[in-house]
Amino acid sequence: MRADQLPPILIGVAVAAAIGLGLMVTGGPGTGRMEKRNARRLADLAALGDYVICLADAADHRLPEALTRSDACRQDTPFEDPFTGAPYRYERASDTSFRLCAGFERPALIPDAQMNEGRFERPSGCLIYRYPRP
């Protein structure tokens with residue numbers, strides 16, 4: 001190998017290493033898609049939370065036992081995960097709280113800033129809401 005060939009080779013190796021390291025740190029395009037799917041699930045749960053509150057407001061301020069469609073509230077609320085088709089889970093925890101749950105991909109990576117008004121339980125993938133809102 002000649003001495004004038006070494007710098008371009010070293011530059012190429014450094015560029016390849018930088019690209020590889022960048023993908024390792026950011027997770028690459030797969031992680032970006034996963035984050036986008038999780039953000040959509042969170043947005044759906046927030047809309048579903050508003051829907052549950054609307055149902056409660058329409059029923060003399062009582063949380064529903066189960067989720068059902070109602071003419072009293074918006075009909076375009078998502079009831080299922082658009083990526084898996086699995087239904088979102090609703091659990092009435094008490095007279096003043098309920099949980100909305102989804103199957104999140106790597107919930108530990110979801111930033112707290114995306115939680116909206118609910119408290120997020122990462123292991124279960126559930127947002128916990130209080131009603132009425134404080």
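# Report on a predicted protein model

Ala 93 is placed in the loop between β1 (89-92) and β2 (97-101); helices (H or I, at least four residues) and strands (E, at least two) are DSSP runs, numbered from the N terminus. The structure is a predicted model, in which local features need pLDDT of at least 70 and side-chain atom pairs count only at pLDDT 80 or more, while totals for chains, interfaces and linings use all residues. Residues are numbered from 1 along each chain as its sequence is written, and side-chain values use heavy atoms, with hydrogens and water left out.

## Two alanines

Ala 93 counts as exposed, at 52% relative accessibility. Here buried means under 20% relative accessible area, exposed means over 50%, and partly exposed lies in between (1.4 Å probe, protein chains only). The C-alpha atom of Ala 93 is separated by 9.5 Å from that of Leu 63, although the two residues are 30 residues apart along the chain.

Ala 39 belongs to helix α2 (residues 28-58). With a relative accessible area of 31%, Ala 39 is partly exposed. Between the C-alpha atoms of Ala 39 and Ile 110 there are 8.2 Å, and along the chain these residues are 71 residues apart.

## Helix α2

Helix α2 has 31 residues. From its first C-alpha to its last, α2 reaches 46 Å, close to the 45 Å expected at 1.5 Å a residue; the expected span of a helix is 1.5 Å times one less than its number of residues. After α2 comes Asp 60, whose phi is positive, near 55°.

## Salt bridges

Side chains of opposite charge can pair when their charged atoms come close. A salt bridge is defined as a side-chain nitrogen of Lys or Arg within 4 Å of a carboxyl oxygen of Asp or Glu. By this rule the count comes to eight salt bridges.

| Arg 37 | Glu 105 | 2.7 Å |

Arg 37 forms its salt bridge with Glu 105. Arg 37 lies in helix α2 and Glu 105 in the loop between β2 and β3 (119-121), so the pair ties together parts that are 68 residues apart in sequence. Arg 37 is partly exposed, at a relative accessible area of 23%, and Glu 105 is likewise partly exposed, at 24% relative accessibility.

Salt bridges that share partners join Arg 37, Arg 41, Asp 81 and Glu 105 into one network.

## Aromatic pairs

Rings of Phe, Tyr and Trp (its six-membered ring) pair if their centres lie within 6.5 Å; planes under 30 degrees apart count as stacked, over 60 as edge-to-face and the rest as tilted. A search of the whole structure finds four aromatic pairs. The rings of Tyr 51 and Phe 79 have centres 5.5 Å apart and planes at 75°, so this pair is edge-to-face. The pair links distant parts of the chain, as Tyr 51 is in helix α2 and Phe 79 in the loop between α2 and β1, 28 residues apart. Tyr 51 counts as buried, at 2% relative accessibility.

Phe 98 and Tyr 129 form a stacked aromatic pair, with 5.1 Å centre to centre and 10° between the planes. Phe 98 is in strand β2 and Tyr 129 in strand β4 (residues 126-130), 31 residues apart, and the pair links these distant parts of the chain. Phe 98 counts as buried at 0% relative accessibility, and Tyr 129 counts as buried at 4%. Tyr 90, Phe 98 and Tyr 129 form one aromatic cluster.

## Surroundings of Thr 77

Thr 77 is placed in the loop between α2 and β1. At 6% relative accessibility, Thr 77 counts as buried. Leaving aside its neighbours within four places in sequence, Thr 77 is in contact with Ala 47, Leu 48, Tyr 51 and Arg 69, where contact means heavy atoms within 4.5 Å.
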